[in-house]
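Let us take a friendly walk through a protein structure. Keep the sequence and the 3D view at hand as you read.

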Amino acid sequence: MDSARCFWTLLLLTLTVFLLAGLLRVDIDMLTPLLGGQVEGPPITNIMFLKTHKTASSTVLNILFRFAETHNLSVALPAGSHVHLGYPRLFHARYVEGMVDGSQQHFNVMCNHLRFNLPEVQKVMPNDTFYFSILRNPVFQLESSFTYYRRYVPAFQAAVSLDAFLAAPHTYYNESLGLRYVYARNHMWFDLGFDPNAPAEESYVRARLAELEQRFQLVLIAEHFDESMVLLRHRLRWRLDDVVSFKLNSRSKSSVTRVTPEGQERAKRWCALDWRLYRHFNRTFWASVHAELGPRRLRSEVEQLRARRRELMTLCLQDGAPKNKTQITDLQLFPYQAGEADILGYNLRQGLDNQTLRMCQRMAMPELQYMAHLYALQFPRKPRKNFPLQEA
């Protein structure tokens, strides 16, 4: 009799808990940490980010630079006066400062532009490194590249517009004329170390995608940046503020070209390898999100992320918004200007206390200035990195 009463009491309590959870719109997934289902442990600090081009990757790089500086982690930075880790040549460990002279054996973080070459990367990074990257819809990645690299890439220089280029790409594109052409076709595929001019045959594509899945624990999607940051935070076991960011290296709306529906279809055919790459990892990204977070928990954490960003933009930024290149007053916050793009940046609010000012400066600091800052910290006896901020 007592056992039966205990059973019904326990059942009633269980039903009450689930009913209250439903009434309060609490996702059972959000109770997982209380039930011991969340993986606990220290934050992951050995990280390799394959920084693809024109994919919001500069914002991710800023997040990683800030985390490295906050936690006193070593960063694999380009040697000497260089900006990239050998790009567009295939990566070699000698492109990293400290590797040639043997002053550094391994680094915690690698995130500057490079063309992926796993055996050489493994010479620089520890065995337990977390590998991840980010992709963007290749239609809009190509549009961004056309504007940004217009004065550098011969195939883009010769075309009067992106539509003209896409209408007859082989008229302008000549793969035999050097590495400057790689920006004009399957650029993300190239960044990952593959041949951008390979035929998009099924067996070849499947084999390369399998290689990437085996090596990269996570591939993010630029069009879903906030959702990507939520999932990344969980995988790395980081705090919310570690992944809050201001958008960096973004263009003003006036320098964004509308791609016609016909142009979009042509871009997908021209960049067929990138299109397959993007579609595949867009599917795997959302599968991971649903499996690890669930829709309600995802919505809740995305809103927390956005609320914190709004709070910090109000705290840090003049007018709480980005500025065009003619309005930016601090050269330390002036982003590199390339091609026909008007790259936006930030002015900080006046009167910030020292601690808040340092935090805000880090969040608003463009890639080149932050890299030079970290280089000076890690290699104080080396000549400082000084970069022009306008394309020659």
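Is Arg276 buried or exposed, or does Arg276 count as partly exposed? Arg276 is partly exposed, because its relative accessible area is 22%. Here buried means under 20% relative accessible area, exposed means over 50%, and partly exposed is in between (1.4 Å probe, protein chains only).

Before going on, here is how to read the values. This is a predicted model, in which local features need pLDDT of at least 70 and side-chain atom pairs count only at pLDDT 80 or more, while totals for chains, interfaces and linings use all residues. Residues are numbered from 1 along each chain as its sequence is written, and side-chain values use heavy atoms, with hydrogens and water left out.

## The overall picture

The protein chain has 16 helices and four strands. Both kinds of element are DSSP runs numbered from the N terminus: helices are H or I with at least four residues, and strands are E with at least two. Of the 392 residues in the protein chain, 52% are buried. If you look at contacts (heavy atoms within 4.5 Å) between residues at least 6 apart in sequence, 73% join residues at least 24 apart.

## The sheet

In what order do the four strands form the open sheet? The order is S2-S1-S3-S4, with parallel pairing. Two strands pair if DSSP finds at least two bridges between them. Strand S2 (109–110) and strand S4 (218–221) are the edge strands, each pairing on one side only.

Let us cross the sheet strand by strand. Strand S1 (residues 47–50) is joined to S2 by two bridges, and Ile47 stands opposite Val109 in S2. S1 also pairs with S3 in the parallel sense, over four bridges, and Met48 has Tyr131 in S3 as its bridge partner. Four bridges then join S3 to S4, where Val219 is the bridge partner of Ser133.

In a regular strand the side chains alternate between the two faces of the sheet. In S1, Ile47 and Phe49 point one way and Met48 and Leu50 the other way, and all are buried. S4 is covered on both faces: Leu218 and Leu220 on one side, and Val219 and Ile221 on the other, are all buried.

## Helices around it

Helix H13 lies across strand S3 (130–135) and S4, running at about 105° to S4. Axes are lines fitted to C-alpha atoms, for helices over the stretch in contact, and angles run from 0 to 180 degrees between N-to-C directions.

Two packed helices are described by the angle between their axes and the distance between the axes. For H10 and H14, the axes come within 9 Å and cross at roughly 105°. That makes H10 roughly perpendicular to H14, a label used for angles of 65 to 115 degrees (under 35 is roughly parallel, over 145 roughly antiparallel, and the rest oblique). Among the residues that meet here are Met229, Val230 and Arg233 in H10, and Leu298, Glu301 and Val302 in H14.

Helix H4 (residues 138–148) holds Gln141. Gln141 counts as buried because its relative accessibility is 2%. Not counting residues up to four places away in sequence, Gln141 touches His53, Lys54, Thr55, Arg136, His187 and Met188.

## Salt bridges

Side chains of opposite charge can pair when their charged atoms come close. A salt bridge is a side-chain nitrogen of Lys or Arg within 4 Å of a carboxyl oxygen of Asp or Glu. The structure holds 21 salt bridges, including these:

| Pair | Closest N and O atoms |
|---|---|
| Glu202 and Arg276 | 3.0 Å |
| Arg233 and Glu301 | 3.0 Å |

Glu292 counts as partly exposed because its relative accessibility is 35%.
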